Amino acid sequence: MLDINMLRRLFLLIIISAIPSMACMSTGLKDRKDRADDPVLRQKAMEAVKITEAPVIDGKLDEEIWLKSELADNFVQYSPYSGSPSKFRTEVRILYDNSAIYIGAMMYDPNPDSIYTELGERDSDYGLNADQFAVDISPYNDGINGATFKVSVSGVQSDKIPTSDHRSRSDTWDAVWESRTSIIENGWVAEIRIPYSALRFPKAEVQTWGINFWREVRRSREQSSWNYVDRETGSTFNHLGELSSIRDIEPPLRLSMTPYVSAYLEKNPYRSRPGFTYNGGLDLKYGINESFTLDATLVPDFGQVQSDDRVLNLSPYEVRYNEKRPFFMEGTELFNKGNIFYSRRIGSAPKGYYNVYDSLGPTEEVVYNPGESSLINATKISGRTKSGLGIGVFNAMTNSMYATVEDIESGDKRQVMTDPLTNYSMIVLDQSMKNNSYISLVNTNVWRNAEKDENFYTANVSGTEFSIRDRSRQYSFSGQAAVSQKYYKDIENDFGHAFHFRTGKTGGALRLEYVLEASSDTYDQNDMGYMKRNNELQNQVNISYNIFKPFWKILNSRTSFSFMHMMLYVPRVFTGAEFNFNSNVTFINHAMVFLRARYKPYGEDDYYEPRVEGWFYHRGREFATNVWLSSDRSKKVSGNIRVSYNKIWSPYDQYQYSFSFGPTLKLTDRFSLNYDFEIRKRINDIGYVDSNDEQEIIFFGLRNNMTVENKLQTAYIFSADSYLSLRLRHYWSRADYLDQYYTLNTDGSLTDADLDDNFDYNYNAWNIDLVYTWRFAPGSEMSVVWKNSIYSGTEQIFYDFGQNMRHMFETGMTNSLSLKILYYFDWMNLRKKS
């Protein structure tokens, strides 16, 4: 068990560390009061001007109608010198009518020939080597909800929405809006039209919206905003100015349709001839009113999404893959509340996919077994009332799935259901409160139409998420809690619960936080969510110190220490403790250094690696560290290097290390190339290999695990709406067992054992994604995609890279060439044309 004296020393250290923060509290309050009196740093406001004739969006501010607007100027630096006046003059004007809002921005620059103008794909604003202008809009003016619209000087559009935890922004949302830019003799101009179909706003005669404007000068890395943003407190959406006097908006009918057609030509090793398929479907958006929108997809096609980065998984945990299907990425911020929704569950492998192989007769084999459930349709309704209540309803349905089993002697075939007709639904209620606080109620339900099969069940999870902040936004109390239920036929139902609470000082330079997290042994949200493991009870203390203003050669930094105490929830037994140190430093020359270190003084009692309930494997004490270095990404040539080392004290001399580097070449403003290489080695790693349930014997094996990964990404940008991208990935991992096996003892130790089976495994994943995209009209696009893939696994271990590659290509590959065309129809545009 953890030494009580160590705990006492730790909490004494926390108290001592917090003294400077408490001593500076009055000074911080004074600073905020001075800020309110400062005309540069206090909250700014401007009045909106309604117009009857819209300006032409052409990247020129030469129409007199722009002069009707008030002027937003006197920008303040966000970085590098927070709170200082911007070194570059910026002027913004804003107008609105019954269909859209219009923004005109003039970015003055004494050296327009020095403006960075790199082109990129849509939503590639992070790291884009180009000057950019952005607007944050929060129609509910709650400091939480809203959207960001950004355009680069070269015309590259990006749009984002705050994530569910409001700590960052997600670029998975794509709205339909217009922008044009131009470079002129004294700077550059951005002209933007944002239709109300891209926004949600309350129904009121007179409205005040939260708003802020941003500018980035890439060559000097200066970021500035119209309304001052305090980097020490909250997110950027907590620091919006105000746009008042928005009156009598009469938005038009918000109805749009995006039908698609697609065609695929595919050749795989299991077919003698290429197969041809074609699809058609429809995405629909309907504005129920000003605040709520219905999104639906009928017969969707996700065949062109980027290939998953598959890996060799030796752990007892499921691999979590990122969502890449557009419908499940766009406008889902409400459905991420509570952290109980993992959209990859919808259309994933059938629940009984592997059960088919367990039910085979002595002369039977599986001749057909679909690896993904067929999605019939999906619908979501979301919005927010004028009182700040967000409401979200999601529903999706997948078809019944069957595997085909054939008797190889008689030729008879039979169908085995691997997944019944299944309905996925979620309801969210999210109430915004003062001080950027909120509280949410969430519920997910998975219903399976399988009353005659007791292997399938109905699953339900209900939960809440909240965040309460004080007036200064320096202190907060937040958390999540949920209850899971499984309903079986003629079997007792399963109930479980989980919670995660954190509280402390979460703003300012010095921060202190306490975290309590637990999940019962019966809690399971994995029918519609993702949870790595349950049956845990953790206590954690975090201390961090942030530097936001440059000094010496440092631009900014963050240093943190944390301590975690871990137990099982049932029974309450100690499983481990760990200390963590993290330090991130960005230098004036924009080079970055990341340092991580972790120490487990008592090792770990791992109750998950044995794969059998009640058993655990004891690992020795462990120390791990890694260093990551990155150069200035705005340069023509940049790169990063990462080195890590991990040591476990045990009788088996266990350690692991990794090395990676990633150079990036920006050959022109249109062409870039990025290469990533990583090698990881685990020496004398020990893990589960097999078990004998009847004799209650669990076998572990000693192995060397090496993984090599190569990724090449390149793109040629013809224009802001037309680009060609290539992504190539080769992943090679081998688990080489050293003919040394053990049985697991009840005290977590190991005893030598004889085991004749071969558990060696050599795995390769090869992917090429070549994509041409042409956005030929707002919301409309054509894409041509070539995919080449190989996934191969064998018990034969290869030590030579060339031999491994030859064997991989001999296993056969899948080639797919596809064309997809989407066309965006807006009801109001159709009416105007008619």
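**Cavity lining and a nonpolar patch**

Student: How do the residues lining the largest cavity divide into nonpolar, polar and charged?
Tutor: The lining has 5 nonpolar, 3 polar and 4 charged residues (Ala, Val, Leu, Ile, Met, Phe, Trp, Tyr, Cys and Pro count as nonpolar, Asp, Glu, Lys and Arg as charged, the others as polar). This is a predicted model, with local features needing pLDDT of at least 70 and side-chain atom pairs 80 or more, while totals for chains, interfaces and linings use all residues. Residues are numbered from 1 along each chain, and side-chain values use heavy atoms, without hydrogens or water.

Student: Which residues line the largest cavity?
Tutor: Arg533, Asn535, Glu536, Gln538, Met566, Met567, Leu568, Thr575, Glu604, Asp605, Tyr607 and Tyr608 (a cavity is where a 1.4 Å probe fits on a 1 Å grid but cannot get out; lining means an atom within 4 Å of a point).

Student: What volume does the largest cavity have?
Tutor: About 100 Å³, filled by probe spheres set on the grid points. The structure holds 3 cavities of 30 Å³ or more.

Student: Which strand gives the most?
Tutor: Strand 44, with 3 residues. Leu819 lies in strand 44.

Student: Why does Leu819 count as partly exposed?
Tutor: Because its relative accessibility is 36%, and buried means under 20%, exposed over 50% (1.4 Å probe, protein chains only).

Technical notes. On a 1 Å grid over the protein atoms alone, a cavity is a set of points where a 1.4 Å probe fits but cannot get out, and a pocket is an open set with protein on both sides within 12 Å along at least five of seven lines; lining residues have an atom within 4 Å of a point. Helices (H or I, at least four residues) and strands (E, at least two) are DSSP runs, numbered from the N terminus.
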